[in-house]
Amino acid sequence: MNWGVYKEIMSGGSLGIRSGSYGVLPIQVPSATKTKPFKTFKEKETFLHWICKFAGRKKVGLLLLCAISAAIFVWVLYLGKDEVQESYNVPIHKVNDSLPLNNSRSPLINGVQNIRIHNLTYSPVDAEGSEVPPPPSYFLGYTLPAEHPCNTFTLPPPPADKKRTGPRPCPVCYLPVDEAVALMPKVPSFSPVLKNLTYIYEENLNKETEFGGSNFGGYPTLKQRDDSYDIRESMSVHCGFVKGTKPDHETGFDIDNSDLLQMEQCHGVVVASAIFGAFDNMLQPKNISKYSEQTVCLYMFVDEETKSDLETEHGLSDGKKIGLWRIVVAHNLPYANGRRNGKIPKFLLHRLFPNARFSLWIDGKLQLLVDPYQILERLLWRKNATFAISRHYIRFDVFEEAEANKAARKYDNASIDFQVDFYKKEGLTPYSEAKLPITSDAPEVCAIIREHVPISNLFTCLWFKEIDRFTSRDQLSFSTVRDRVAAKTNWR
């Protein structure tokens, strides 16, 4: 979408100011001929006597009264004209008469400017005279100075030993925490096409669908699935928690009210992870600034089994915290499989934290080693992006990923084949360089960094619905959701 320059110019015409005079009476210019001398009082008296001779005294009085009234009327009009002209001779100041041209594909920040004349503020009005609210403001990104070290930073060559196991160094050019915090956007990023997103609530579940679905995510039909990819300005979609208006009791993945209240207080950045079935060891974040400790919400979602193990190993404070993590226990888990339950906070953080602006998801097997503000600045704000995800370290193709999942017995082979064949019929093709600038169809999905704007919220809702309908192997469904959303919105 191309956005031009929004320009608001207030002129005399827009304020109802006439450019001509207000009915100015014609002024007689004195003749250049020689004027006659003034008559004496005697001559004036004779002239008056001559008038009275041909008209009665009453008619003469009426004539004089009309003449005096006309003179007063002309005098009032003349003074009024001067006052009106003086009142409009005050200079009119135009604010941002022409805004700089915006070359990005997003709207301008603060596109509408109020115009100030004297001490009165005038806002744009519609044809009926009603005040028009200004359009929303959007974040447009920024560019680091040319001499900044991050602009010349290059990654080192990969290690020679490709069979090396364990953590590998991954140098990244991060800004200092205070600089990253200062660059945090004051307004949200642009959400193409979609502006209003709501979620379907079904008190009585309709289970008449072709296949897939659950009591937690609902049972949308294939027609409803296709409709959810028809991106519009306002949409309502299935996005988990269908049996309640918010994550609460009896929706599945139930959360205590005290925890929900705290989660609703998160208005900035959320870092979240999850461990179910005591499958992973909880790892504490490192290198976190004091500012982040005070402002970032760090939440670890667990089940009853994991909570019991954590209490035994670490102990749980009165504030439900272990180290930097606040522990939230999810009850009434909707799935028997722990991996599926872990997809709920992984993809639906915007539903769990309805007031958060940004979120960083990391799998329970990972340890956060960099301050969240540095990560957000590096991967979102500096790139003017709303979504970032970890690329797979080996595979880039969905078909290869499916075969690898079958070989590792990550899921039953028949279900994997059914899902891939379904996508293939919808147009999925193997990855090749023809898809550039897209560099992969198979992400690692162990880390997701995103801004909670409508389009990214819809994306993760749709992705979760694919996982709920097909297998829990999220790498297999990513590219299908990405491409179908991008086809309608040009969102990357």
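L360 has I449 as its bridge partner in β11. This is a predicted model, in which local features need pLDDT of at least 70, side-chain atom pairs count only at pLDDT 80 or more, and totals for chains, interfaces and linings use all residues. Residues are numbered from 1 along each chain as its sequence is written, and side-chain values use heavy atoms, with hydrogens and water left out.

Strands β9 (residues 358-362) and β11 (residues 443-451) run antiparallel and are joined by five bridges. Strands (E, at least two residues) and helices (H or I, at least four) are DSSP runs, numbered from the N terminus; two strands pair if DSSP finds at least two bridges between them. The open sheet that holds this pair has seven strands in the order β7-β8-β6-β5-β9-β11-β10, with mixed pairing. At its edges are β7 (321-322) and β10 (387-391), each of which pairs on one side only.

Helices come next. Helix α8 (residues 338-347) lies across β5 (269-275), β6 (297-302), β9 and β11, at about 30° to β11. Helix α14 (residues 474-489) also packs on the sheet, where α14 touches β10 and β11 and makes an angle of about 50° with the direction of β11. Contact means heavy atoms within 4.5 Å. Axes are lines fitted to C-alpha atoms, for helices over the stretch in contact, and angles run from 0 to 180 degrees between N-to-C directions.

A278 lies between β5 and α6 (290-295) and is partly exposed, with a relative accessible area of 27%. R409 sits between α11 (398-407) and α12 and is exposed, at 75% relative accessibility. Buried means under 20% relative accessible area, exposed over 50%, and partly exposed in between (1.4 Å probe, protein chains only).

A cavity is a set of points, on a 1 Å grid over the protein atoms alone, where a 1.4 Å probe fits but cannot get out; lining residues have an atom within 4 Å of a point. One cavity of 30 Å³ or more is counted. The largest cavity has a volume of about 50 Å³, the volume being the space filled by probe spheres set on the points. Its lining consists of G213, G217, G218, P220, F464, K465, D468 and R469.

Terms used
On a 1 Å grid over the protein atoms alone, a cavity is a set of points where a 1.4 Å probe fits but cannot get out, and a pocket is an open set with protein on both sides within 12 Å along at least five of seven lines; lining residues have an atom within 4 Å of a point.
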